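Q: Could we go through the pockets and the nonpolar core of this one together?
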Amino acid sequence: MKLKDALNINDLRTMAKRRLPRMVFDYIDGGADDEVTLRHSVRRYDDYQLTWRALCDVTEIDTATRIMGQETRLPFFISPTASTRLFHPSEGELAMARAAEKAGVIYACSTLASQTVEDIAKASSGPKWVQVYVWKDMGIVRNFLARAKDAGFTGCILTVDLPVGGNRERDPRNRFSVPPTPNLSLARQVITKPRWMWDLLTSPKITPANFDHMREHGDQGGVVGFVNQQFSRAVTWKDVEWIREFWGHGFAVKGISRAEDAKRAIDIGADAVWVSNHGGRQLDTSVPTIDLLPELVDAVGGRAEIIADGGVRRGSHVAKLLMLGATGVALGRASLYGLGAGGEDGVRRALTILEEELVRTMSLLGATKVSELDPELMRAPTR
């Protein structure tokens, strides 16, 4: 199948699965424990049923909006994901950022990106945000955020749902590591994936590129070992306060699932509350994001924006999250499947598919702009 023949995100998933070694594909595709949240996050959208306004002029559909102060052509954007050169060894984040710029959407870079913030900024002049965790060494955080600011990143996302890593059982079963460690299992997998293998062998070593000292720990557990040592398990709201003060405006707290936490984030000065279950990769059997939104929208009460992610595979999923009060929708696996399937062109194809589906959904709903996507057009499940 060629990229142009991919009709939906699942087609891109199938193409990525064919192109990537199993351990790399499973790193994208897998979740925590029994992967209940992973499955439910996608399926739950089916339970929200749509109605429509009849006889509306839908000749022109305007999908433009603002997300955390940033003008954007579409109400969705690329979420931060770690080590994306695993899925496209030659470029990774550079391909993602360029695809986002060409689509007119925001690109969010992970703390554990495999390209530097400076190189990402050189690759794309489009809007860019940076994501951060709290490390034991606060100097690492301050230096990283200062570099991102200097490189032109305008948004900061503090992720707060990873005090410890989730139990992602596919990874140890596959003997997965970052960077990939030569072993018999990997050899068996890559022998049938020559394009990926060639790309990996002819590209620089995959590392958390923004932290030079991490490279010195490559023989001491690799990136995962270093992260387990350096990520703080003692993160509190005081950390949120100083990061917000250090960064300024354009600040979001990601990984919120309760009303009281949303209110506290706003009280500290967050410009956006990001409702997320980390793609089903952290706490299994957590509530699907779409079910959390009404409660959190009510708690926020218009005092901040709300970003949502989780299980988005269709443009109609984007529309449903917007109907329930999300300001913007973040894409994780949807864009990564595109990257794995075909690099920058694959990401562009993923964004195009979702745009076309969203425009079609809005047209059928009788909504000509994002602000007309209101909950009256949808019936929530009663159970």
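Q: What volume does the second largest pocket have?
A: The second largest pocket has a volume of about 620 Å³, where a pocket is an open set of points on a 1 Å grid over the protein atoms alone, fitting a 1.4 Å probe, with protein on both sides within 12 Å along at least five of seven lines, and a volume is the space filled by probe spheres set on the points. This is a predicted model, in which local features need pLDDT of at least 70 and side-chain atom pairs pLDDT 80 or more, while totals for linings use all residues. Residues are numbered from 1 along each chain, and side-chain values use heavy atoms, without hydrogens and water.

Q: And which residues lie nearest its centre?
A: Of the 29 residues that line the second largest pocket, V160, D161, L162, P163 and G255 lie nearest its centre, lining residues being those with an atom within 4 Å of a point.

Q: What about the largest pocket, how much space is in there?
A: The largest pocket holds about 1,100 Å³, and among its 45 lining residues Y27, L162, R168, H278 and R281 are the closest to its centre.

Q: Switching topic, which residues have the most contacts inside the largest nonpolar core?
A: They are L12, F76, I243 and L321, in a core of 108 residues, a core being a set of buried Ala, Val, Leu, Ile, Met, Phe, Trp, Tyr and Cys residues joined through side-chain atoms within 4.5 Å, with buried meaning under 20% relative accessible area (1.4 Å probe, protein chains only).

Conventions:
Buried < 20%, exposed > 50% of the residue type's maximum accessible area, 1.4 Å probe, protein only.
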